[in-house]
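Work through each exercise before you peek at the solution.

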Amino acid sequence: MRGWKMLAALLVLLLTASTSFAAGFRLPEAGAKAMGMGFAFTAQADDPSAIYFNPAGLTQLKGQNIMIGVTYVRENGGEFTGTTPLTGGVSVSETQKDLNFYIPNAYYTRTTESGNIAYGVGIFAPFGLGQEYKDRNASIFRTSVTKVDLQTVVVNPTIAWKIFDGLSVGAGIDFMWGMAELARTSVINNSFPPANTPLNLYNLDMEGDGTAWGYNFGLLMAPLKSLKVGFAFRSPFTLYIKDADADISNISGNLIAFPLGPAPGGTLPGTFPGVVKPASGAIAGNSFSTKASTKLHLPATAAFGIAYVLDRLTVEADIDWTFWHSWRRLDINIRDQGALLADINSSREWNDVAALRIGAEYRVTDPLALRAGFVYDPTPVPAGTMDAFLPDATRMNYMVGAGYKVGNVTIDGAFMYVDKFDRTVNNQAALPFPSYGSGFNGTWTGDAWLAGLDVGYKF
């Protein structure tokens, strides 16, 4: 197990940032062939990425197989136009940073000579989230978050059994290693209403990692030679990040107009060292470090697919569920607190969603296959709890791909365009002075594109 964790950690280093390319923050980019077919792959599952899409499909493979791949992602920063608590009622625009990064995958499988038992191990990144704003100390979203980066890698040993021709089952154990990074700037109104003077109190940077366990299973049936039906389920994960490093820096030394204590109002001494400081431990200059913890309740997923083969053409349609009801809250507990350094607590209350995936493959010749796919991917994020952490929207995903075999080598490539719907949300809410409130009133736009490449070898 220690070796698996080290391997997962090395793969995470390949991800320079993370983001979400299914609604919410799922990452289904676990195989280029599946990607070229709109991830409609539950009933086909006929390459080593079956470990991710449907482990029962491993019994279709022969001999030993390895496959490694990577998906390049270009996320164009989302653009917001509207108001937040910091804009004073004036409509403005802000654009997130553009992100470039890579999502790796790797698989090994072996099928016995009888073809009744197959097993293997897969490594992939099922969840990821990344958003970053250009200036953490001036962003109109700094009351909420200025950067979030969630990276996960799963190591998934798997076994499959062909019960009889036309029926296979498969199951696996999932070990997850995850890392989370968050940046936030605390800001208050430093003048009594109706005056409005924003003051940045401090910068908070948190980074930590943790592990979680899960399981998955799948079923594959072929009632007719031309028809296959598949079902796959992956359990939820509870990723516990404890003893994360929390660095508080750039603590303001300004006087604070703050109605604290028995007096109805007045000013407090500078935040250093009297207001923002650790409850225990030492402080040096205008910064200090402490620890923080959080639990991330990542959702279960399920998929049902039907594939039909007509000569050289294969067509598949899947329904893919993500049970986001587990993502109810995001609570970050900070170990050492001062009067203005508190835990971060926010409601999520996301909804379960079902994506529609459609894909086709046409085998032009025995070595060459062409593919296309489409995904309708509804957002799980309700308008009432949507914030700068993830300004999500329903997506339309368009894919094309190709595969080519040269001897024992298979090369698969795919291209994907993510078209996010424009989304208008009005959930800005005021909080008691001196807080600025939460939410925003305005419209988000954004898009992204991805390119994936896998190389496989059969022994």
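Keep in mind that this is a predicted model.

**Exercise 1. Classify the ring pair formed by Phe 141 and Phe 440.**

Solution. 
- Start with what you need: a pair of aromatic rings is described by the distance of the centres and the angle of the planes.
- The structure holds 28 aromatic pairs. For Phe 141 and Phe 440, the centres are 5.9 Å apart and the planes meet at 90 degrees.
- Planes over 60 degrees apart count as edge-to-face, so Phe 141 and Phe 440 make an edge-to-face pair.
- Now find the partners in the chain. Phe 141 is in the loop between β5 (128-132) and β6 (147-164), while Phe 440 is in the loop between β22 (423-426) and β23 (441-458). That puts them 299 residues apart.

**Exercise 2. Are Phe 141 and Phe 440 buried or exposed?**

Solution. 
- The cut-off for buried is under 20% relative accessible area.
- Phe 141 comes in at 3%, so Phe 141 is buried.
- Phe 440 has 1%, so Phe 440 is buried too.

**Exercise 3. Do the ring analysis again for Phe 217 and Phe 231.**

Solution. 
- The centres of these two rings are 6.4 Å apart, with 45 degrees between the planes, and the pair is tilted.
- Phe 217 belongs to strand β8 (residues 198-224) and Phe 231 to strand β9 (residues 227-234), 14 residues apart in the chain.
- For accessibility, Phe 217 has 37%, so it counts as partly exposed. Phe 231, with 29%, is partly exposed as well.

**Exercise 4. What surrounds Trp 327?**

Solution. 
- Skip the neighbours within four places in sequence, and Trp 327 is in contact with Phe 25, Leu 296, His 297, Arg 348, Glu 349, Trp 350 and Phe 389.
- Then look for a charge: the charged end of Arg 348 sits over the ring of Phe 389, at 5.1 Å from its centre.
- Finally, check the core. The largest nonpolar core has 81 residues, and Trp 327 is among those touching the most other members, along with Phe 25, Phe 141, Met 176, Leu 296 and Phe 389.

**Exercise 5. Which residues lie nearest the centre of the largest pocket?**

Solution. 
- This pocket has a volume of about 1,100 Å³.
- Its lining is made of 42 residues, and Lys 33, Asp 46, Gln 60, Leu 61 and Lys 405 lie nearest the centre.
- Strands that each supply at least two lining residues include β1 (64-83), β8 and β23.

Note on methods: Residues are numbered from 1 along each chain as its sequence is written. This is a predicted model: local features need pLDDT of at least 70, side-chain atom pairs count only at pLDDT 80 or more; totals for chains, interfaces and linings use all residues. Side-chain values use heavy atoms; hydrogens and water are left out. Rings of Phe, Tyr and Trp (its six-membered ring) pair if their centres lie within 6.5 Å; planes under 30 degrees apart count as stacked, over 60 as edge-to-face and the rest as tilted. Helices (H or I, at least four residues) and strands (E, at least two) are DSSP runs, numbered from the N terminus. Buried means under 20% relative accessible area, exposed over 50%, partly exposed in between (1.4 Å probe, protein chains only). A charge sits over a ring if NZ of Lys or CZ of Arg is within 6 Å of the ring centre and within 35 degrees of the ring normal. A nonpolar core is a set of buried Ala, Val, Leu, Ile, Met, Phe, Trp, Tyr and Cys residues joined through side-chain atoms within 4.5 Å. Contact means heavy atoms within 4.5 Å. On a 1 Å grid over the protein atoms alone, a cavity is a set of points where a 1.4 Å probe fits but cannot get out, and a pocket is an open set with protein on both sides within 12 Å along at least five of seven lines; lining residues have an atom within 4 Å of a point. Grid points are joined across faces, edges and corners, and a volume is the space filled by probe spheres set on the points.
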